[in-house]
Amino acid sequence: MKWMTKNYSQPIAPETGGMAVELAAALPAKPAGLQRATWMFALLCLLLAASLARMELRYELLPLAGLFGWIQTGGL
Amino acid sequence: MKWPRKRLWIEAVFIYTVSGLASALAVGWLLGRTGTLLVQFKSVLVWIVPLGAVIFAARDTGWIFFPVPERKVQTESIWFHQFGPLQAAAMWGLHIGLGFFTRITYMGFWVLVAALVITGDSRFGALVMGCYWLGRALPAWVAPVLTVHDDGKAGLRMMADATEQRVLFRRLHLAGLLCSALVGIFLALGSW
């Protein structure tokens, strides 16, 4: 089969965002900022949680779910 | 980067996000639906979320230890070589989006699952799992701006960066669990 002849020694780990990285290997270089992005996202989730709690308390789970999702991928 | 390659990347990540969202919405809907079968136990079950969140937080701090219930497998990386980037992206999304069938490193996922079963609201379940998935897929979208890559080793650097930040993720996860516990207590007192 065609795929068996290919070299797949390059790291691919979709659950760490590896798929995006694999495909984006040639995008313009920028400084690493996972920590900054994580803090910004956490802050955004906190603000969203505070806003949504005014509507209905259980809606607080929505931004918390987003945060758990980000952590699951980024912190794998 | 040449445009066709950039376009391919955008297409692949878009497909990954959408297919994963479909899986996540379906799982959330089913979890909410399952909750309708347990409605007679609701008065007791409502305390599972705050209690579970506190126990998981204790685990995160290292006070207690128990293994995370999970399948210790990642999705199939070989799909990339077998089916090409776009089809693989769709299959990865569908697979990872299901949530239960790949590694679950953090217990926050199980708190959400418990909450969705208890609410017994399939629409809300789909909404929560959809948000969870969008949180999971977002790092893929921002990966290029978080990564320094001038030598084709972007994947390795991203992973190394993620490993260095593990303490931060653990702390944020702990904060998320404590927030969930508080929300769970208030919701339990109001019986959801």
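1. Start where the two chains touch. In helix H3 of chain A, the residues Leu61(A), Leu64(A), Leu67(A), Phe68(A), Ile71(A) and Gly74(A) meet Phe169(B), Leu172(B), His173(B), Gly176(B), Cys179(B), Ser180(B) and Val183(B) in H9(B). Contact here is when the C-beta atoms of two residues, placed from the backbone, lie within 7 Å. Helices are DSSP runs of H or I with at least four residues, strands are runs of E with at least two, and both are numbered from the N terminus.

2. A word on the model before going on. It is predicted, so local features need pLDDT of at least 70 and side-chain atom pairs count only at pLDDT 80 or more, while totals for chains, interfaces and linings use all residues. Residues are numbered from 1 along each chain as its sequence is written, and chains are lettered from A and ligands numbered from 1 in the order in which they are written.

3. Back to that helix pair. H3(A) and H9(B) pack at about 155 degrees, and their axes are 10 Å apart; axes are lines fitted to C-alpha atoms over the stretch in contact, with angles from 0 to 180 degrees between N-to-C directions. The two helices are therefore roughly antiparallel, the label for angles over 145 degrees.

4. Which residues of H9(B) are buried? Among them are Phe169(B), Leu172(B), Gly176(B), Val183(B) and Leu187(B). Buried means 20 or more other C-beta atoms within 10 Å of a residue's own, exposed means 12 or fewer, and partly exposed is in between, with C-beta atoms placed from the backbone. The cover includes H2 and H3 of chain A, plus H3 and H6 of chain B.

5. Zooming out, chain B has nine helices and zero strands. Of its 192 residues, 47% are buried. For contrast, look at Phe100(B), in the loop between H5 and H6 of chain B: Phe100(B) counts as exposed because it has 11 C-beta neighbours inside 10 Å.

6. Now, chain A's confidence. The average pLDDT (the predictor's confidence in each residue, from 0 to 100) is 70 in chain A, and 55% of the residues score at least 70. Within chain A, H1(A) has the lowest mean, 49, and H3(A) the highest, 92.

Conventions:
Angles under 35 degrees count as roughly parallel, over 145 as roughly antiparallel, 65 to 115 as roughly perpendicular and the rest as oblique.
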